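Hi everyone, thanks for making time today. I'd like to walk you through the aromatic rings in this one. Let's bring it up on the screen.

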Amino acid sequence: SGQLSGRILNLNQPNQLAFDLQIQELMAEVNQLPIPPMDALAIDSLKTLYFNGRISGQLNQVALDGAIASDLGKADFNIEVFIPDSIENIAYEGNIELAQFDLGTFLKNEDLDKISLKTNIKGKGISLEKMNSNIKGSITDFSYLNYAYQQINIDAVINDSNIDGKIEINDENIKLNYEGKIKLDAEESVFDFRAQIDTLNLNALGLYKDSLTFSGLIQSKVYLPLSPNRKGNIQVFDFVMSNPKESFKADTLLVEAFKNQDSTFIDIRSDFMNFDIDGSYTIRDLPFAFIKLAKEKVPWLMGDENEYESENEDKSENDLEPTSSESVDIVGTLKTIKPVEVFMQNQLVQVGFINIDTRFDFIENQVNGTIQVDSFFYNNAFSEQLRFKLLTENEELKLLIDGSNSRMNDFE
């Protein structure tokens, strides 16, 4: 229902149909409109639409100037839309303003809630893979994980899975200036950006259970998968991590990754640790390779052991999941565990240097190596030196511990 005034031309010639209509108090049920279904959007959640404004153009080119209210919130439009045969290639240009729009329900994402924004947009496409658009505007209110972010400014170009632009967040619990390009593609991913973090309060943002804040400068130039002709690197400067009782500071953290024939090399250098992570593996697959190995050798670390064995009793070792990583050697020195203590907010132990030299074989499901800890002190236990030896025998993972000049006081 509603009131219309204006002109409609060429009613008998659909290909030349044109219109210029002023609409007042238009009400329509979404499920009665000829809107094609889209899996990514909960179109039906809009339920009842109320529109006041002007609509003009033709069937494949529509100018919309007005306000739409729905069960999810309000939107103001001054935009021109070009509608081809496929809605995936829809083009648009104009201004959009949302007021307390329930984005989480519309996008079927429970982590999101309401959003308020003003933006200018020009481009085409609605999926990240096919979108080619310029977006510039500000988000005045945006809820994620039950936290309402304030004042986010965006100036970005999205083109075929490339996101190139600037983001500025000026919120009480996150102050961030970001500039760079991210590409998310099945064949190649690119992370080329600079991010200055002045404040990042994970607890207030609902991202961590305890009070923890970060600050620092991150510069990244990483291309995945790695290639022999191009190195990737991440640099972190003036890094500070704090909890209510103590802080950890690091001047620099440098990570360099490169590939040589079938081998991958990652070098980590900082004032608190130095590590070389070398082997036949891919960065994308390495975390999963460790998880698969842990499920094979120490399933109790991954959850309920009986449940895991029941789920996989009919599977062979190679049937669980495929992995492209074959092996990795981790060699290096950790000079302090202070960052772990600050992050976990618990003084676990006091130690000197920790030297690690361990090999993980993901094909044979084997772990062999040593971890040497100097000046170990925990509660009333002390050891001048602890040596941990990891080895695989008869398909079992064993841990041997040897201490020198060790003692325990008031042991119970």
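Let me start with a term: a residue is buried under 20% relative accessible area, exposed over 50%, and partly exposed in between, using a 1.4 Å probe and protein chains only. Please keep in mind that this is a predicted model, where local features need pLDDT of at least 70, side-chain atom pairs count only at pLDDT 80 or more, and totals for chains, interfaces and linings use all residues. Residues are numbered from 1 along each chain as its sequence is written, and side-chain values use heavy atoms, leaving out hydrogens and water.

Now, the rings. Rings of Phe, Tyr and Trp (its six-membered ring) pair if their centres lie within 6.5 Å; planes under 30 degrees apart are stacked, over 60 edge-to-face, and the rest tilted. How many aromatic pairs does the structure hold? There are 10 aromatic pairs. One of them joins Phe101 and Phe106 edge-to-face, with 5.6 Å centre to centre and 75° between the planes. Phe101 has 9% relative accessibility, so it counts as buried; Phe106, at 15%, counts as buried too.

Next, Phe290 and Phe362 are also edge-to-face, at 5.3 Å centre to centre and 85° between the planes. This pair links distant parts of the chain, 72 residues apart: Phe290 sits in helix α2 (residues 286-297), and Phe362 in the loop between β20 (354-361) and β21 (366-378). Helices (H or I, at least four residues) and strands (E, at least two) are DSSP runs, numbered from the N terminus. Phe290 is partly exposed at 26% relative accessibility, whereas Phe362 is buried at 4%.

Finally, Phe142, Tyr147 and Tyr149 form one aromatic cluster. Thanks, everyone!
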